[in-house]
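Colleague: Before we discuss this model, could you take me through the terms one by one and set each value against its cut-off?

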Amino acid sequence: TFHPKMAAPVVRRVAGFATFKGCLQRRGGEVTSAPKIADRVFSGIQPTGVPHLGNYLGAIESWVRLQERYSCVLYSIVDLHSITVPQDASTLRHNILDMTASLLACGIDPERSVLFQQSKISEHTELAWILGCLTSLPRLRHLPQWKMKASGQKEEGSLGLFSYPVLQAADILLYKATHVPVGEDQIQHLELAQDIARIFNNQYGGSFPVPKAILSDTKKIKSLRNPASKMSKSDPQSLATVYVTDSAEEILLKFRKAVTDFTSEVTYDPDTRPGVSNLVAVHTAVTGKTIQEVVEQSKGLDTARYKYVVAEAVIEKFAPIKNKIERLRADRGFLEQVLHRGAQKAKEIAHPFYHEIQKLVGFS
């Protein structure tokens, strides 16, 4: 069972702003935003519950490392983005806390980053309206995500689905972020944010930095049942996706059933052997070894045995994270407190910047 005292170190760290020096500082006993913009990282993740293997290796693990490299890091659980598709309210509330627990368990530290719920900062949507008035319909219509997601909905999709890239731009620009960790499939959305920053700066004399991409060097993790597509929570095949909280038995079963081919040796060739290459990519990512090292060490193993080797590496990687998630899930109040403190910090950064924007636009 989870006891509140187990969370005490984190509670003490997030209880005040004094220990968080990256994005805020104190002057005369009051918290103020930093007087100048150093490198600042922003990224968001949708509250879809517990992360899967692809989420962890593709995004969250790099988020943890970025806490060490940058003095100001903001991570948002982007619940406003999540409702571009239908959501059950109680499930969404549960998923927000589940994602919070998962991020903390994976190594996101409220002392070294700002972790907050997007909808608690009203400036996100207010800035999105202003930026939306500077964005043309053809620019949004040509984004690949709109074409892909709208095709799966009745009629043409919602206004929210069409315009959410503008909200993404607002998420980034509201904090004057200089760097954004993104996957390759989000590059065009970041380019939109860059364009909007330039348009606003030119039209209003603003000072938005043009944010730069931080690309992950982790290979995209594919479905275990269909290595032609990426691993996804929406995959109808239950054996296709490995979750951080899966039991050892579930992980072993999913890798044992992973699609490979009829060649027994372990090689890395994504074009001709996508299934085995996906296993090598997973093995590389969870162990920190290079592809060459993994392939060399796997000489003499057939693919059936290699599946067990990869599964065991994943189990070892996820075991401590799974245990932490289970403990954190048991204390809803603690998770809510982490998000509340994070929202306070985010508000301290966002509010003065948005006040500047209001004056530039003519609202005040």
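Modeller: Let us begin with burial: a residue is buried if its relative accessible area is under 20%, exposed if over 50%, and partly exposed in between, with a 1.4 Å probe and protein chains only. Helices (H or I, at least four residues) and strands (E, at least two) are DSSP runs, numbered from the N terminus. This is a predicted model, in which local features need pLDDT of at least 70 and side-chain atom pairs count only at pLDDT 80 or more, while totals for chains, interfaces and linings use all residues. Residues are numbered from 1 along each chain as its sequence is written, and side-chain values use heavy atoms, with hydrogens and water left out.

Colleague: What makes helix H11 count as mostly covered?

Modeller: Of the 14 residues of H11, 12 are buried; among them are Gly 275, Val 276, Asn 278, Leu 279, His 283 and Val 286. The cover over the buried residues of H11 includes helix H2 (53-69), helix H10 (248-256), helix H12 (291-297) and helix H13, where contact means heavy atoms within 4.5 Å.

Colleague: How do you know that the length of H11 agrees with its number of residues?

Modeller: The expected span of a helix is 1.5 Å times one less than its number of residues. For H11 (residues 274-287), with 14 residues, this should give 20 Å, and the end C-alpha atoms are 20 Å apart, so the two agree. After H11 comes Gly 288, whose phi is positive, near 80°.

Colleague: Why is Val 310 called buried?

Modeller: The relative accessible area of Val 310 is 0%, and therefore Val 310 is buried. Val 310 has its place in helix H13 and, not counting residues up to four places away in sequence, touches Phe 255, Leu 279, Val 282 and His 283. Val 310 and Ile 251 are 59 residues apart in sequence, with their C-alpha atoms 9.8 Å apart in space.

Colleague: Why does Thr 303 count as buried?

Modeller: Thr 303 has 10% relative accessibility, so it counts as buried. Thr 303 is found in H13 (residues 303-329), and, leaving aside residues up to four places away in sequence, it touches Thr 260, Thr 263, Ser 264, Glu 265, Arg 273 and Val 276.

Colleague: And what makes Lys 254 buried?

Modeller: Its relative accessible area is 7%, so Lys 254 is buried. Lys 254 is found in H10; its contacts, not counting residues up to four places away in sequence, include Leu 224, Ser 238, Tyr 243 and Asp 246.

Colleague: What makes the unit of E6, helix H9 and E7 right-handed?

Modeller: A crossover is right-handed if, with the strands pointing away from the viewer, the path from the first strand over the helix to the second runs clockwise; E6, H9 (residues 187-204) and E7 make such a right-handed β-α-β unit. The 18 residues of H9 should span 26 Å, and its end C-alpha atoms are 26 Å apart, which agrees. The buried residues of H9 include His 189, Leu 192, Ile 196 and Phe 200, and H9 is followed by Gly 205, whose phi is positive, near 70°.

Colleague: How many disulfides does the rule give?

Modeller: A disulfide is a pair of cysteine sulfur atoms within 2.5 Å, and by this rule the count comes to zero. As for individual cysteines, Cys 106 is buried, with a relative accessible area of 10%, whereas Cys 133 is exposed, at 53%.

Colleague: What can be said of the chain as a whole, in terms of burial?

Modeller: Of its 364 residues, 48% count as buried, and the chain has 14 helices and seven strands.
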